[in-house]
Amino acid sequence: MDGDMVISNEKSREKVLIVGVDLGERNFNIDDSLEELEELVLAANGEVIEKLIQKREKINPAYYIGKGKANEIKNYCYELNIDTVVFNDELSPAQIKNLENIIERKIIDRTNLILDIFAKRASSKEGQLQVELAQLKYRLPRLVGLRDYLSREGGGIGTRGPGEQKLETDRRHILREIDNIERQLRNIKKTRNIKRKKREKTDLPIVALVGYTNAGKSTILNKIIELNENYDKNKKVFVYDMLFATLDISLRKAELPNGQPFLITDTVGFVSKLPTDLVEAFKGTLEEVEYADLLLHVVDASNENLDLQMNTTYDILKDLNVLDKPIISVFNKMDKVGDKKLIYDDRYADEEIFLSAKNGKDINRLLEAIQENLPIKYIDTTLIIPYDKQDILSYIFDNYNVEIIDHIDEGTEIKVELSSVDYKRYFNYIKNR
């Protein structure tokens, strides 16, 4: 899809009040966290009317906030005509039920909000199943609390996905549904593994874009493939300035400055406090990162919380056991940074690139860095090929930069001079013929 496409507003936006608790934790800024929560609400087609923060020493096990603050929120909801109250942490089933009883509005926590956005954005069959699985696992212990507002509301934030009727069924039925989805995902994984093995036979190096949501991964992918000799604009991936604008994995063929082809894959963006069930559900998709030869960690350099965002990404990459791979930190949106000094801890990167994805020269520098940091190294070589081995010659023309071709020994052999050859890849091809 072209990058200038927009996401339409489905209906009038829900009026939302967001609530956070400040426990005085070090390395945690409640204002920044609520700002991100507001962006998540916007991505879910809501409008934040008011923000409330309560300072506490610990979370109230019954209400998350104090009971008095809950009554205060109830008054705000009546005065401001609020539809939904969104809390900045995951709530227990008891907390949801107790808050609903006092506030008399739909109560959503951060986890449910993120799941809702994923349900809205997932377009592939696998993505939809992954989100539905995470939703069912999240909602299973919360049926008592959820049942009240599902019977009152006709939809909106937090109600996408499995739906009212499924959530009103008994626990046993939902468990059967979870088993069914997990079985479908196992079958999809088998198909994905078959496709991956076919790709591995080509021995093309794989570069994976990883990073926080809305850091510019999809934009960078589009700019890279635009430099392909046979560029096809239909291969562009969807781009929109919003959290989780796209969720589905995209794999495209691209070219290094030396002409060598490689594969580049986009992955789902990360966010702080990403729901555990969602990470587990998407681990099958994120396996693509495990097979990459090089990771591009894309960072929004203009974001005030870039250090937190980088650490969030590294925590997830650590869970995936891929921090031993070569990593290039790509600090994007430098055009918005100005003279501001960037403060961050980047202990895992092998190289750092500072760029604006809109600048073609910067993308060329990034491609040069990819070429330099790929563990697969290329050399120039000369091959002598028997004339009757036309299949090898055809393979070489399809996969390498042929500089000179000459007939020798009265035409029984062909001399080919090649540039940028992955020697290991060539001999793997010969061995597996």
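Which side chains meet in a salt bridge of 2.3 Å, N to O? They belong to Arg 347 and Asp 345. Arg 347 is exposed, with a relative accessible area of 58%, while Asp 345 is partly exposed at 29%. With that pair as a starting point, let us walk through the rest of the structure, keeping in mind that this is a predicted model.

First, the overall picture. The chain holds 14 helices and 13 strands. It has 433 residues, and buried residues make up 50% of them. Among contacts with a separation of 6 or more, 72% are between residues 24 or more positions apart.

A search of the whole structure turns up 10 of them. One of these joins the side chains of Lys 106 and Glu 14, at 3.3 Å from N to O. Lys 106 sits in strand S4 and Glu 14 in strand S1 (residues 14–22), so this pair ties together parts of the chain that are 92 residues apart in sequence. Lys 106 is buried, with a relative accessibility of 1%, and Glu 14 is buried as well, at 13%.

Another salt bridge links the side chains of Lys 69 and Glu 72, at 3.4 Å from N to O. Here both residues belong to helix H2, and because they are 3 residues apart, about one helical turn separates them. Lys 69 is buried, with a relative accessible area of 16%, whereas Glu 72 is partly exposed at 31%.

What happens with Asp 266, a buried residue that has no salt bridge? The nearest side chain of opposite charge is that of Lys 217, and it is 5.0 Å away. Asp 266 does have a polar partner, though: its side chain joins that of Ser 218 in a polar contact of 2.6 Å. In the chain, Asp 266 is part of strand S7 (residues 261–266). Leaving out residues up to four places away in sequence, Asp 266 touches Leu 209, Lys 217, Ser 218, Leu 221, Ile 249 and Ser 250.

Asn 258 counts as buried because its relative accessible area is 19%, and the cut-off for buried is under 20%. A polar atom of the Asn 258 side chain lies 2.9 Å from the backbone nitrogen of Gln 260. The C-alpha atom of Asn 258 is also 9.8 Å from that of Leu 367, a residue 109 positions away along the chain.

Other loops are worth a visit too. Asn 81 lies in the one between helix H2 (67–80) and strand S3 (84–87). With 48% relative accessibility, Asn 81 is partly exposed. Setting aside neighbours within four places in sequence, its contacts are with Lys 15 and Tyr 76.

Most residues other than glycine have a negative phi. Asn 45, however, has a positive phi, near 70°. Asn 45 sits in the loop between H1 and strand S2 (46–55) and is buried, with a relative accessible area of 7%. Glu 104 also has a positive phi, near 60°. Glu 104 belongs to the loop between helix H3 (93–103) and strand S4 (106–109), and it is partly exposed at 39%.

The largest pocket holds about 750 Å³. Its lining is made up of 30 residues, and those nearest its centre are Glu 36, Glu 39, Asn 303, Asn 305 and Gln 309. The elements that give two or more residues to this lining are helix H1 (30–43) and helix H11 (306–319). H1 gives the most, with 6 residues.

Note on methods: Residues numbered from 1 in each chain as written. Predicted model: local features only at pLDDT ≥ 70, side-chain atom pairs only at ≥ 80, totals over all residues. Heavy atoms only, no water. Helix = DSSP H or I, 4+ residues; strand = E, 2+ residues; numbered from the N terminus. Buried < 20%, exposed > 50% of the residue type's maximum accessible area, 1.4 Å probe, protein only. Lys, Arg positive; Asp, Glu negative; His and termini not counted. Salt bridge = Lys/Arg side-chain N within 4 Å of Asp/Glu carboxyl O. Polar contact = N/O pair within 3.5 Å; in protein donor to acceptor, adjacent residues only side chain to side chain. Contact = heavy atoms within 4.5 Å. 1 Å grid on protein atoms, 1.4 Å probe; cavity = no way out; pocket = protein on both sides within 12 Å on 5 of 7 lines; lining within 4 Å. Points joined across faces, edges and corners; volume = space filled by probe spheres on them.
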